[in-house]
Amino acid sequence: MISLDTLKKIASDGLEFIKTQKDISDAEIFISSLSHLLSRVNYTSSIPCNGVEEPKSTLSYGIGVQAVFKEGNKNKIGFGSQIGDISIDGIKSAVEKARLSAVEDPDFYGLPIPSKAISGGTILNSELSMVPPEIHGYHDQRLMDISDDKLVELGWRALEGALKTFKEHQMMESIIIGGDVSIVQERMAIVSTTGVVAWDEAANASASMTAMIESDNAKGSGWDIGMRLSDFAPENAGKSAAMSAIHSRQGRRVPSGRYKLILGPQAVADLLCHIILPSLTLSVVDASSSTFLKKHGEGVADRRLTIYDHGAMPDLPMSRRYTCEGLATGRTDLIKKGVLTGFLSNNYYRNKVLNDPSSKDKIGVEPAAIEDAFVPRNGFRPGESMLRNFMTKPSIAPTNVIVEGSEITPLDDLVKMIGDGIYIGRIWYTYPINGLLAGDFTCTVIGDSYIIEGGRMAAPLKPNSVRIADNIHNLLNQVIGMTGDRRPTLLWGASEVIYSPDIAVRDISLHSIG
Amino acid sequence: MIDIISNIKERIEGFFTAYARELPGCQYADLRVEANDTRWASAEDGKPKAAGRDEGGSFGIRVIAGGEKKAPGYYGRIFSLKDLSHIEELIRYGLAHAYARAMSNSRNKARVSSDLEEFGRTLTSTELSPVEIYQDTVPALYKTDPRTISPQEILRLSEEASKRIKNLSGIQFNDVTVYTQSLGELFVSTEGALIDQYFAYTQGNVYVVASGKEGQQELYEYVGDQRGWEAVSEGINVQGMNLLDFSMRVAKDALALADAKPFRSTEKEAVVVTDPYFNTLLSHEVIGHPTEADRILKYETAYAGRSWFFKNFSENFIGQHVASPLITTYSDPSLPGYGHYRYDHEGTKGKKVIHIDRGILKGFMNSRQTAALLGAEPNGSYMATDASLVPLIRMSTTVFAQGNTDPQKIIGDVSDGYYLWGMHTPSISESRENFTISAIKTYRIHRGELKELYRGGGISADSMSFFMSVDAVGNDFKIYPIANCGKGQPMQTKRLGNGGPTLRSRARVVGGG
């Protein structure tokens, strides 16, 4: 990892260089250093294996420059990146690539201008804040400096957590344990001619484990997330996965039909990640492909349901002080008490939507009247489970996504309310089967799930025996109730972490398969 | 940037193998180096959006080392042209980390084997199946070198395609993105392998939202090939269309679908005819993925899933009928397209692997490690998306083999049924034993003729039941590119090929939720 001081110095030197370039009117320099360390676990009790299959890491660092080039009376915007060379030469190379590839994009209205840099005049994004939120302690130095031995040890601890649990329950045959311990380290600095000067560093650790007793078709999952190495206990993820597998042995099937369901945190998170959050992203709305087109200000979900993104909540893994546009992170209400109130946004799409006459037809109201609904707090550069990829311009990415209810029902009471139905603990392959716009989705229930009969969890549901096929609008509007304890879920391939309670819904279509 | 591969290969080989052999307990080490040069551009609603050129390098190292129970360790990173002067230093640093991880992994494996004796019997020493060692150079296939195409030229094509789409009545939004890429790869191992391979890829992506009598319809498709710029400028690809023609075809299909009624699910199974473009996704999800040996051996249980073909060594379908005798499937890296290569990422020569031979399950794609566990011959299916990432078992080009029936006759013989054209979206069970796959277009077949067009249709079936029910296989074999297959942790998005001919079988035909 490159030191933060180096990133800041080269960014600052680069800005001085850019100011000498006569054809550049504005520019932004983004520099990051990223490392992803991972111990991938694979254990099988009946097939020879390595236990920890892949203790590994990837390191990348580089520069991304966005620059506005003057060409006569035209302004062109260009982006160039330089991989692996954080120096003034790297800056020059990135600037040259930006120059050669600049385009006259009529929807580009300027780089972010933070409020403290404003000196008069009316500026569209006048309330953009560079004042960072008060969050501290999310870059534990011990996680930043983790050794090879420790990386390997964490993977084995996750595995041993599961193995010891199976041993305690005398389950020794047909065992599969998989998953990983993942440590993300990132540093970034950003400066611009429009007044952005920001830097940030973060590290977090997570464990995501799956355990199976394959002969019983029993599958369980477990997670653990740590902001500090001392708090991180990957063995808990292994233990939870094994316990869940033990509890879900000899699952039963259910016939096709419409059911009352309780969706556990992972199931809610998967639906959010693949169906709901993309449709709450301003670029998707702008492309007319959101399932919430023309719905701002309208009820789109049960009135008890609130969903927001919060990139500055203390002690959450995806909290950062600044976005990759150098603006302050914060809370964006997306659905508040059932009403569509906001969109995930970056500076580019905020300005585009504000200036595009067709935006009203896409959002449902005049955008200028609801500027607070799309403050650019999510201008990140996602890539490979991280948010600070220097090789791309800022796009829009969620951070910590929180789902909460205004009326809380304990899980036992929720199960009683359901009477007969199914608790869905883990789904996968969740896709908008006919495109996001239509809102149709399908997914398969693959574990951690139970049949509810007579107001109690009566038996495990056989994994891979049912597929959910319905429409997201039905699901959001047919809420029966929800619990109060929000639990985090890390999804494969996603950078955001989603905190959700259990949510009960009615009349959802299930198809028996397999 | 690509030229550095041929320039450094001798120098890197000598240094790397000598240093790795000095490490105590190091049984094996390999190094993969990659350099790429990518040029791209995008346009939206006829307006230029972005253009650019990315170039960079990366390398990845694997070490197998340790005491009684040897274990693997890995390291990956990027590098720049400037780093070439001290690339040995970077590689030495990476090798030291990969070695340290392998040694630590081996110690932990021995400790846990001893502490948890009952579970320790399967924690065995890491072994690689032996392979023939090659030293070879494989050139890229292109007519127009991607490195001769400027981002501004790509932008002009994207913008023109986007403008033409925008001019069609009923189009709400469109986005056209094009890239062309050169790639160089080097593989070096302590066993003496020294292979440099070069590739060219070019692809155009088209996204359209159209409005019609039945509402709005979005459609995303791409066209491309393992070729130079000619893949999109001259239409040298499976679709046989240049980007401008392809974009218009996608846009017109979106408009037609916006006027089409949504499909309503059938209660019972119906006769379904699926075209080669639809069968591309079918062969990918239900044949290709479950014949990857890492899924067979449960490595992917926590991520991409297991395989319906193989529960364990005593319960599996090897040697049994899993499909109609009309069905043969295979993977073959010698076929043209995105899945073409000569050597995989551990230096094994890619071989054709028969998965299903006239209905009977035969074999799986593998790596050297999984081949050793399965007692199979390595077939060269171990590939990474980038050299800094650890390879996975991947499809090359996985297809249904060509049959001998005219596709018109396959449709013509159907009294009542459905014709599904084009791949849209999959929803698959964990072991791929069941699937729902939606089509771009669904037509009703009545008395041997295509009738009404529907949108939002797809088929849902148990995999084995569907394949056993196939009663006609077309003579219209095609290979399509798959641009974005996700697998691994962290997820690697890979290009590969899939396809086959027209098939006829039985399935439930499903519509929207």
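I began with helix 7 (residues 276-288) of chain B, which lies across strand 10 (329-331), strand 11, strand 15, strand 21 and strand 22 of chain B. I noted an angle of about 120 degrees between helix 7 and strand 22 of chain B. The model is a predicted one, and I read local features with that in mind.

**Entry: the sheet of chain B**

I looked up the strand order next. Six strands of chain B form an open sheet, in the order 12-11-10-15-22-21, and the pairing is mixed. Strand 12 (360-361) and strand 21 of chain B are at the edges with a single partner strand each, so one side of each has no neighbour in the sheet.

**Entry: strand 22 of chain B**

How many of the nine residues of strand 22 of chain B are buried? I read eight of the nine for this strand (residues 492-500), so the rest of the structure largely encloses it.

I then took its two partners in turn. Strand 15 (residues 397-400) of chain B runs parallel to strand 22 of chain B, and three bridges join them. Thr397(B) is placed opposite Gly497(B) of strand 22. With strand 21 (residues 478-487) of chain B, strand 22 of chain B pairs in the antiparallel sense over eight bridges. I picked out Cys485(B), whose bridge partner in strand 22 of chain B is Lys494(B).

**Entry: the turn between strands 21 and 22 of chain B**

The hairpin of strand 21 and strand 22 of chain B has four residues between the strands. In this hairpin I noted Gly488(B), with a positive phi near 95 degrees. Pro490(B) is also found in the loop between strand 21 and strand 22 of chain B. The peptide bond that joins Gln489(B) and Pro490(B) is cis, with omega at about 0 degrees.

**Entry: the sheet of chain A**

I turned to chain A and found an open sheet of six strands, ordered 10-9-8-13-22-21, with mixed pairing. Strand 10 (339-340) and strand 21 (487-490) of chain A are its edge strands, and each pairs on one side only. Strand 21 of chain A joins strand 22 (residues 497-500) of chain A over four bridges in the antiparallel sense. Within that pair, Pro488(A) has Tyr499(A) of strand 22 as its bridge partner.

Which helix lies across strands of this sheet? I found helix 6 (residues 265-279) of chain A across strand 8, strand 9, strand 13 (400-405), strand 21 and strand 22 of chain A. Helix 6 runs at about 125 degrees to strand 22 of chain A.

**Entry: positive phi in chain A**

I looked for residues other than glycine with a positive phi. Ser174(A) has phi near 60 degrees and is found in the loop between helix 4 (148-168) and strand 4 (175-192) of chain A. Asp315(A), also not a glycine, has a positive phi of about 70 degrees. Asp315(A) lies in the loop between strand 8 (305-310) and strand 9 (331-336) of chain A. Is Asp315(A) buried or exposed? I read 53% relative accessibility for Asp315(A), which counts as exposed because the cut-off is over 50%.

The largest pocket has a volume of about 580 Å³. I counted 35 lining residues, and the closest to the pocket centre are His511(A), Ser265(B), Ser460(B), Arg508(B) and Val510(B). Strands of both chains supply at least two lining residues each, among them strand 23 (503-512) of chain A and strand 23 (503-510) of chain B. Strand 19 of chain B gives the most, four residues. The lining divides into seven nonpolar, 19 polar and nine charged residues.

The second largest pocket holds about 470 Å³ of space. Of its 22 lining residues, Asn217(A), Trp308(B), Lys311(B), Ser431(B) and Glu433(B) are the closest to the centre. I noted seven nonpolar, seven polar and eight charged residues in this lining.

**Entry: cavities**

I found nine cavities of 30 Å³ or more in the structure. The second largest cavity has about 140 Å³ of space. Its lining has 14 residues, and Glu53(A), Glu54(A), Tyr299(B), Tyr382(B) and Pro391(B) are the closest to its centre. Strand 2 (51-71) of chain A, helix 9 (368-374) of chain B and strand 14 (392-393) of chain B give two or more residues to this lining. The lining of the second largest cavity divides into six nonpolar, three polar and five charged residues.

How values were computed
Residues numbered from 1 in each chain as written. Chains lettered and ligands numbered in written order. Predicted model: local features only at pLDDT ≥ 70, side-chain atom pairs only at ≥ 80, totals over all residues. Heavy atoms only, no water. Buried < 20%, exposed > 50% of the residue type's maximum accessible area, 1.4 Å probe, protein only. Pairing = 2+ DSSP bridges. 1 Å grid on protein atoms, 1.4 Å probe; cavity = no way out; pocket = protein on both sides within 12 Å on 5 of 7 lines; lining within 4 Å. Points joined across faces, edges and corners; volume = space filled by probe spheres on them. Nonpolar A, V, L, I, M, F, W, Y, C, P; charged D, E, K, R; others polar. Contact = heavy atoms within 4.5 Å. Axes fitted to C-alpha atoms, helices over the stretch in contact; angles between N-to-C directions.
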